[in-house]
Amino acid sequence: MNEHHQKNKIRELKKGEIAIELRGITKRYPGGVLANDGINLEIRAGEIHGLLGENGAGKTTLMRILVGEVRPDKGEIYIGGEKVDIRSPHHARNMSIGMVHQQRKLIPKFSAIENILLGDPATSIFPNIEKSKKKVRELSEKFDFNVDLDAKLWQLDAGEAQIVEILKVLYSGATIIIMDEPTAGLSPVQQDKLLASLKKMARESLAIVPFVTHKLPIVTEVCDRITVLRNGKLINTSDSISELSKEELADWMVGKKVLFDLKKPETELGPVLIEVENLSALNDQGEPAVKNVSFSIQEGEILGIAGVAGNGQDELAEVLTGLRKPTEGRIIFRGEDITHASIRRRRELGMAYRSADVLERGVIGDFSILENFVLSSLYTQDFCRGMLIDVECARGIAEKEFTNFEIRAPNIFTTVKNLSGGNLSKLILALEFSWSSKFLIDQLVTQGLDVATTEYIRKRLFEAKKCWKAIMLFSKDLDEILMMSDKIAPIYEGELGKPIPSERTNKREIGAAIIGK
Amino acid sequence: MGLSLQRRKDTGTKTSLIIVLIGLALAILSFSIVFFTARINPITGFKEIFLGGFGDAYVLQQVVKDTAPLLFVTLAFLLPSRAGLWNIGAEGQFFLGGVGATGIALAFSHQPSIVLLPLMVLGAIACAGAWAFIAAYLKAKININEIVITLFLNWIALLLVKYLTVGGPWMNPEGRSESKAIPIAGRIPIVSGTNIPVTIFFAIVAAVLLYFIFQKTRAGFEIKAYGHNPEAGVKAGINAKKVILISLTVGGMLAGLGGFHQSAGVIGRLRYDLTSGWGYYGILFALLSKNNPLWAIIVTFLATGLLVSGAQSLQYDLGMGSGIGLLFVGVIIICFVIPQFLKEYKVTRK
């Protein structure tokens, strides 16, 4: 069947009819990451269907499959009842699928109308701008959009630029409109306007599919249905958003894990080890990501930071470890003001860090286990402090910890990138506990580990607690946070809640706090 | 549908050997094609290359003499390269080494050797180091691409040398396009019985020293770690700015020593043809020695013989074009680097 026929067919869809259907969509990336695992989904004409999930839940892959940027390994896609194969973004557009990007794909030096016409298949070699403008104006009026079509794009603010993207998609005749984080970067007023327009669009039998991680409550308010993805799987689709309780939604998004018998050791807490006052920092885009955060941790204490990924945890950990500069606030560590201290100084004082991205930042993949021990000891152990590195001494320590932490590899000369995820996780813990660290910032915890390794890591962390080390635990797993931490603080949109003793709170309370309800 | 790359798991020594042999076969094959197109019997061609490189004692001496500056520029690329930085500026740093050495020699021309020569070394190192420091500083402070800056500085260095020697303050009064001669006290002593300046030993010592630094010292480890994974290095407390500043600047200094050798040891003055592309050869030799300073000694010696001296005799004796040397270096790189790449990565369809 030819593409034109299809395009016509989908335009005839009535409200409530299935616009696009996915059956068993599976995508595995080279390297083994299963980004989408048998996803079944139907999206109807005339609905706003929110796709929710954390960073890494598989949203981006699914989105890219829908717009033809990535092809699934398995599974079928039906548009208007016809099985289709979305071969390219161009092809997706011909099948009435439009995409509104979060990182706007527009040209700053072009005017709004030029951007709208650019790349549209209907635009001829000599475009009739006036005629097109008229058409775009009609669309704008219909959906309450207000933007100066002759303004150059760089003159527009974030909200207006997004409207241009939406108009571009509408102008191209799309009926299935995919939106990546539609409210990102918008002011509250712009958000309200946008959501109102989206509702109007849905009334015109368009299918709107926002993909959302941030600002959940705002976006879900206008959704007719929502679907939650987690770890590449579709967890659930809710037909009626209003009936869904907060903790159900939180559960869907971050999941449950098997609880273990492991008991948190009762230790008396020592003096305050680290004190953070009114800390603020920006993210890579220059937007506030850590907002006025204060807390303190005592020796032997575990503070759990609960939150859905992408709410400022990375930035907070980076500011504490010195990888990111704070814009405001103070950090006092072991009595020393380290707000502007070098990473080296922080490590010399005993600050250890397990970052979430293991192979990017945690270890050097091309180096051996031994060399990674040297790396983590560079400023923290005597054998590295002089000009020369005492390799024999390094080898002794590496051998000891290698056995001690039960790392499964042929020997300490094994290249680290060949280790499995669980062994890497253990290795990084061994690296950071092999010297006299006092405080561990742990963003990795038991992420992506099997049951046995999970238990092992937790046991190790508890042992560290018994040795008066303090631990700051970043986890999205509420059960884990509850069982591991002495105190828990929820983080949402960069704001850290007051730390509450874990026996005085529960999953429901934290679950609500981390999605901002 | 596109292609994507996947890292292979560990590869053994056997594959490494096969890779080298494949590279060699490819190189011989491509060289033969070049000879064929020039209507030269490949066997004659290869013979000429070997004779031109290592044929007799005189040629060999010439090759060793040229190995010194080429080893310096090879190390000048190799050191920053271990930190993940591309120093394309050895050419310019080489010139600045010549400027520093000649400048000092002309300014203190009445000093005895024992005073003058060390001062000239310092002058060469300081000028070349400062030249590289410009790029290093811009990279460390505001993350400006070091490739672009070092490359552009090469042209500025060339113009600076032309200014000084062609009609400028240091011009030879006899009016040729060169500086006044460096006084005899400022000439680098030669190894007795040859015409090879002793700087060849400096170069070898520098290579061995670099090897030792990478193997045994904390500074070397910091450079290696930063080069392999800057983020993990920084997380472990390594000062990225320090690594960038030191590795690029010291790299520049090494290239400067090459300029010292050439001006004070070979030519005896500063000239704008002090180096003609040697700085770029260094990049290729460093790649061929896989950034290992000890390998660099051997590779530079062989490559100087075959690809510089040997290729030159193709030009003189068989009448091939003057670009033949660089052509061969390029061919060699492609023949060895691509199989090397395929050893580490597997190409799969998306």
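**Entry 1: strands 3 and 9, chain A**

I looked up how strand 3 (residues 49–52) of chain A meets strand 9 (residues 225–230) of chain A: four bridges join them, and they run parallel. I keep in mind that this is a predicted model. I picked out G50(A) and found its bridge partner in strand 9 of chain A, I226(A).

**Entry 2: the sheet around them**

Next I traced the sheet in chain A. It is open and has six strands in the order 6-7-8-3-9-10, with mixed pairing. Which strands are at the edges? I found strand 6 (97–100) and strand 10 (233–238) of chain A, each pairing on one side only. From one strand to the next, the twist averages 20°.

I then checked helix 6 (residues 158–171) of chain A. This helix packs on the sheet and touches strand 6 and strand 7 (176–180) of chain A. Its direction makes about 175° with that of strand 6 of chain A.

**Entry 3: two helices in chain B**

I turned to helix 3 (residues 57–82) and helix 10 (residues 240–267) of chain B. Their axes come within 7 Å and cross at roughly 170°. An angle over 145 degrees counts as roughly antiparallel, so helix 3 and helix 10 of chain B are roughly antiparallel to each other.

I listed the residues in contact. Helix 3 of chain B gives, among them, F72(B), V73(B) and F77(B). Helix 10 of chain B gives residues including L254(B), G258(B) and H261(B). The contact residues divide into 15 nonpolar, six polar and one charged.

**Entry 4: where the chains touch**

Last, I looked at chain A against chain B. The contact takes 27 residues from chain A and 20 residues from chain B. On the chain A side, helix 11 (343–348), helix 12 (358–362) and helix 13 (369–377) each give two or more residues. That side divides into 15 nonpolar, seven polar and five charged residues.

Key:
Residues numbered from 1 in each chain as written. Chains lettered and ligands numbered in written order. Predicted model: local features only at pLDDT ≥ 70, side-chain atom pairs only at ≥ 80, totals over all residues. Contact = placed C-beta atoms within 7 Å. Nonpolar A, V, L, I, M, F, W, Y, C, P; charged D, E, K, R; others polar. Pairing = 2+ DSSP bridges. Axes fitted to C-alpha atoms, helices over the stretch in contact; angles between N-to-C directions. Parallel < 35°, antiparallel > 145°, perpendicular 65-115°, else oblique.
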